[in-house]
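This report concerns helix packing and chain contact in the structure shown below.

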Amino acid sequence: MAEDDAFRKGLALASRVGLELVAATVIGAGLGYALDRWLGTRPWLLVVGVVLGAAAGFFGIYRLVNTPP
Amino acid sequence: MENPLEHFELHPLIPLSLFGIDISINKAVVMMWIASGLVLLFFSVATKRRSLVPRRVQNLAEMAVEFLRGLVVENMGPLGHKFFPFIATLFFFVLFANLLGLIPGAYTVTSQLMVTGFFALVVYGLSLVVGFALHGLHFFTILAPAGTPGWLLPLMVPIEIISQLARPVTLAVRLFANMTAGHIILIVLFSLMMTAPVYIGWMPFGFTVAIYGLELFVAFIQAYIFTILACVYLGDAVKLH
């Protein structure tokens, strides 16, 4: 049962990691783009948004793999 | 070959509208009724003749419920018992919807982004409501991870806001993408078999069977992952660091 548990947790982890990275980046970019449209500061907030989103993605994965099972 | 995405299109079976809002009954709605009906049936059969030493269906239901209870308590602590009915309903509905979609001719409700998106929004909304109800305005500190030095806050808060916003999105997209991708592969392989001559057609057919087996596994795993993430998000709101 313990082995089975580890397998399930591993699967859940594997299924989370990839999407988490992409989704955070996309959302950061989307937020930046929307703010750009709103404030008329194209393209600077988009750049900031992509960088922050990527950072959020990496940080999320770091936290994900760092939490003790 | 017909368009492999055609299967996912929804057309109203019974057009209905209420105050200008389109509430037509389509096959996704019907499949959702069937899925919830099957969950009800499963549990009414499982609890019909309750015995101390469980047999067959009762055993299966008890195992699943015990497993979910463990999951809930592990992620949310003793308060988790209050959320157990919600989490269990979520798990069984998603699982039955996933499995039902694998019956040839049936429709996979969870391959609609609208459905999974709404589930994800409800889960995430609930976690926000629970967080604010338990911790009040102190809940905003979820945006600053424990042990962050003050000078890092201007950087960490936007990052945390983005990762919070990513939660419902990933929750919805994961389930939707897994179910849709699997069914597209099945459709493509199967239509390949239908168009190929017999002496080569066995190959895509073999793959179809293999992928079908994989999809059965995916149906369980995705229901499990959707549930465990709902538990994790609610647990974060309950525990707050």
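Which residues in H2(B) meet which residues in H3(B)? From H2(B), B:Val65, B:Leu68, B:Arg69, B:Val72, B:Val73, B:Asn75 and B:Met76 meet B:Gly80, B:Phe83, B:Phe84, B:Ile87, B:Ala88 and B:Phe91 of H3(B). Two residues are in contact if their C-beta atoms, placed from the backbone, lie within 7 Å.

The model is predicted: local features need pLDDT of at least 70, side-chain atom pairs count only at pLDDT 80 or more, and totals for chains, interfaces and linings use all residues. Residues are numbered from 1 along each chain as its sequence is written, while chains are lettered from A and ligands numbered from 1 in the order in which they are written. Helices (H or I, at least four residues) are DSSP runs, numbered from the N terminus.

**Helix pairs of chain B**

The residues of the contact of H2(B) with H3(B) comprise ten nonpolar, two polar and one charged. Here Ala, Val, Leu, Ile, Met, Phe, Trp, Tyr, Cys and Pro count as nonpolar, Asp, Glu, Lys and Arg as charged, and the others, Gly among them, as polar. The axes of H2(B) (residues 56–76) and H3(B) come within 9 Å and cross at roughly 130°. H2(B) is therefore oblique to H3(B), oblique being the class left after under 35 degrees (roughly parallel), over 145 (roughly antiparallel) and 65 to 115 (roughly perpendicular). Axes are lines fitted to C-alpha atoms, for helices over the stretch in contact, with angles from 0 to 180 degrees between N-to-C directions.

H1(B) (residues 27–46) packs on H2(B) at an angle of about 115°, with the axes 8 Å apart. B:Phe42, B:Phe43, B:Val45 and B:Ala46 of H1(B) make this contact with B:Val57, B:Gln58 and B:Ala61 of H2(B). Its residues divide into six nonpolar, one polar and no charged.

**Helix lengths and kinks**

H3(B) has a kink of about 30° centred on B:Phe86. In H5(B), a kink of about 30° lies at B:Arg167, shortly before the proline B:Pro168. The bend at a residue is the angle between axes fitted to the seven residues ending there and the seven starting there.

**Contact between the chains**

Chain B places 14 residues in contact with 17 residues of chain A. H5(B) (153–195) and H6(B) (198–239) each give two or more residues to this side of chain B, and the largest share, ten residues, comes from H5(B). By class, this side has eleven nonpolar, two polar and one charged residues.
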